[in-house]
Amino acid sequence: DKLIFAFPVTMAWVGTVGLSKAGLVYGAHQAARLLVTSSAALILVFTTQPSDVVWATTRLLAPQRVGLAISVGVRFLPTLFERLNTVMRAAEVRGYDFTAPECWWRPRQTWEYGRRMVRALPLLTVPILVGSLRGCGQMALVADSRAFNISARRTTHRVVTWRTEDKAALAAGAVVATGVLFLVLTGHGRF
């Protein structure tokens, strides 16, 4: 079994690709996987402060650098998309065309769109990389000025104890994990 992607047997690589029930189920399964993964990431981004991510990783006995990497990545993504949007608007002012074709099934329009995107790739990537490297330099200076990773054990002013809600959530997660494991081992978790 493949852990990430597995193509169904009915998928044809040469000739006409036909629709089948197995193919539709496979497509729905892959779409659901992508939706769950991106939803979990969005929930983390919108509900958690970056400092809470660092604190949680240190409570889980993970290195502080892991928490910093996650929080910086979460904080950096909106900036990256904003920078990409700014560079694309500036390129459009200079005459580049980034409009998608109206009909994707027409090969000539799709080919032209792909060609325009490949030609504009250096124009987009260089300013984004330069800005990202500047942002990384500034982030390193901020981490140094806050004495990040200066001591072996990081201290915190938060004191958290296990409450009834925490125990209930842990028990519910264990029940769900046990149920999923049981279904997979008995063969019911596959289609």
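What follows is a walk through the fold, its helices and its side-chain contacts.

This is a predicted model, in which local features need pLDDT of at least 70, side-chain atom pairs count only at pLDDT 80 or more, and totals for chains, interfaces and linings use all residues. Residues are numbered from 1 along each chain as its sequence is written, and side-chain values use heavy atoms, with hydrogens and water left out.

Start with the whole chain. The protein chain has five helices and zero strands. Its elements run α-α-α-α-α from the N terminus on. Helices (H or I, at least four residues) and strands (E, at least two) are DSSP runs, numbered from the N terminus. Of the 191 residues, 13% count as buried. Buried means under 20% relative accessible area, exposed over 50%, and partly exposed in between (1.4 Å probe, protein chains only). The chain exposes about 15,800 Å², and carbon and sulfur atoms supply 67% of that area. Accessible areas come from the Shrake-Rupley method with a 1.4 Å probe; for residues, only the protein chains shown count as cover. Among contacts with a separation of 6 or more, 51% involve residues 24 or more positions apart. Contact here means heavy atoms within 4.5 Å.

Begin at α1. This helix covers residues 21–47 and holds Leu42. Leu42 is partly exposed, at a relative accessible area of 46%. Together with Val45 and Phe46, Leu42 forms a nonpolar patch on the surface, with about 310 Å² of accessible area. Patches are made of residues with over 30% relative accessible area and no salt bridge; like charges are joined within 9 Å, nonpolar side chains (Val, Leu, Ile, Met, Phe, Trp, Tyr) within 5 Å.

Next comes α2, residues 50–59, which contains Thr57. Thr57 is buried, with a relative accessible area of 10%. Leaving aside residues up to four places away in sequence, Thr57 touches Ala62, Pro63, Gly67 and Ile70.

Now α3. Its 30 residues should span 44 Å at 1.5 Å a residue, and the end C-alpha atoms are 44 Å apart, which agrees. The expected span of a helix is 1.5 Å times one less than its number of residues. α3 bends by about 30° at Phe76, and Pro78 follows within four residues. The bend at a residue is the angle between axes fitted to the seven residues ending there and the seven starting there. The buried residues of α3 are Gln64, Gly67, Ser71, Val74, Val87 and Ala91. They pack against α1, α2 and α4. Just after α3, Gly95 takes a positive phi of about 110°.

Helix α4 covers residues 107–145. It has 39 residues and reaches 54 Å from its first C-alpha to its last, close to the expected 57 Å. α4 bends by about 45° at Ala120, and here too a proline, Pro122, follows within four residues. Its buried residues are Tyr113, Ala120, Leu124, Ile128, Gly131, Ser132 and Ala143. What covers them includes α3, residues 64–93.

Which residues does Ser132 touch, not counting those up to four places away in sequence? They are Phe76, Leu80 and Arg83. Ser132 counts as buried, at 11% relative accessibility. After α4 comes Ala147, with a positive phi near 55°.

Finally, the charged pairs. A search of the whole structure finds four salt bridges. A salt bridge is a side-chain nitrogen of Lys or Arg within 4 Å of a carboxyl oxygen of Asp or Glu. One of them joins Arg89 and Glu92 at 3.0 Å, N to O. Both lie in α3, three residues apart, about one turn of the helix. Arg89 is partly exposed at 39%, and Glu92 is partly exposed at 30%.

Another salt bridge joins Arg116 and Asp97 at 2.8 Å, N to O. Arg116 lies in α4 and Asp97 in the loop between α3 and α4, so the pair ties together parts 19 residues apart in sequence. Arg116 counts as partly exposed at 25% relative accessibility. Asp97 counts as partly exposed at 38%. Glu165 and Arg163 also meet in a salt bridge, at 3.7 Å, N to O. Both of these residues are exposed.
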